[in-house]
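Hello,

Here is the structure I promised to pass on to you. Please have a look at it first, and then read on for what turned up.

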Amino acid sequence: MPVKVLFIENDSIQQDSFKSILDKNLGIKHHIIDGFDSLESELKKDNYTHLISKFSINNNTINDYKHLIEIPTLVILENNIDINDTGFSYTKLPLSYSKLFAFLCEAPIISNNTLEKYAMGDQDFMNQMKGHIIEEFKANFEEIPKLLENKNLKEIKSKAHQMISKFSLLEMNNSYNLSKEIDLNIFDDPENQIQNMQQLLVDIEIALTQLK
């Protein structure tokens, strides 16, 4: 599914800081809640892919709510708080876009299984296929933002169509489905499909870090 981050933070200044960071990439959808009390209902309400929290983090908080959390989680520590091993990721303030994106890249979104079957054990051929995918993704990552800015629907459709087979080879199932939706609906529903393409750019950027 497209990246969607749930933040837990009750300080308005810190909330504004998070929003400012996310303005750097409109494809990263997000929502902010001001405490853990509404965590369970919020996680049930929407398909979040990542959780980030700075609010009232301590071992008691983690013990009370860890059973609800099944998505990658980043805990932002204000100081040298001693937190038991939880399997969560940790960073310190200030949160930057580079820290945020590094966290988003931690969970693998690609698989080599289909590529390996297609290559039939030929490692050179597999590396060649990967190289072609990397080249296409890099070009698209540079070119698509301009197409979105100019609302060039014909070229956006073309780019989405070309990437469908690549997402299939990498077993990026959510990206595969999203690219098919863009390909089929860009002319009838341009506003939503442009948003979908912005989200797809996030998947492409993460995949590029994991293909290296």
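A residue counts as buried when its relative accessible area is under 20%. By that cut-off, 45% of the 212 residues in the chain are buried. Please keep in mind that this is a predicted model.

Let me start with the overall layout. The chain has nine helices and five strands. Read from the N terminus, these elements follow the order β-α-β-α-β-α-β-β-α-α-α-α-α-α. The C-alpha trace spans about 50 × 40 × 30 Å along its principal axes. Of the contacts with a separation of 6 or more, 62% are between residues 24 or more positions apart.

Now for the inside. How many cavities of 30 Å³ or more does the structure hold? The answer is one. The largest cavity has a volume of about 60 Å³. Its lining includes Phe 36, Leu 51, Ser 53, Ile 57, Tyr 65, Lys 66 and Phe 88. Strand S3 (50–53), helix H3 (59–65) and strand S4 (73–77) each supply at least two of the lining residues. Which of the elements gives the most to this lining? That is H3, with three residues.

Gln 15 sits in helix H1 (residues 12–22). Is Gln 15 buried or exposed? Its relative accessible area is 18%, so Gln 15 is buried. Setting aside residues up to four places away in sequence, Gln 15 touches Glu 9, Asn 10 and Ile 32. Gln 15 and Ile 32 are 17 residues apart in sequence, while their C-alpha atoms are 7.5 Å apart in space.

Asn 196 belongs to helix H9 (residues 190–211). With a relative accessible area of 12%, Asn 196 falls under the 20% cut-off and is therefore buried. Beyond its neighbours within four places in sequence, Asn 196 is in contact with Leu 178, Glu 181 and Ile 182.

Enjoy exploring the model, and write back whenever you like.

Best wishes

Methods: Residues are numbered from 1 along each chain as its sequence is written. This is a predicted model: local features need pLDDT of at least 70, side-chain atom pairs count only at pLDDT 80 or more; totals for chains, interfaces and linings use all residues. Side-chain values use heavy atoms; hydrogens and water are left out. Helices (H or I, at least four residues) and strands (E, at least two) are DSSP runs, numbered from the N terminus. Buried means under 20% relative accessible area, exposed over 50%, partly exposed in between (1.4 Å probe, protein chains only). Contact means heavy atoms within 4.5 Å. On a 1 Å grid over the protein atoms alone, a cavity is a set of points where a 1.4 Å probe fits but cannot get out, and a pocket is an open set with protein on both sides within 12 Å along at least five of seven lines; lining residues have an atom within 4 Å of a point. Grid points are joined across faces, edges and corners, and a volume is the space filled by probe spheres set on the points.
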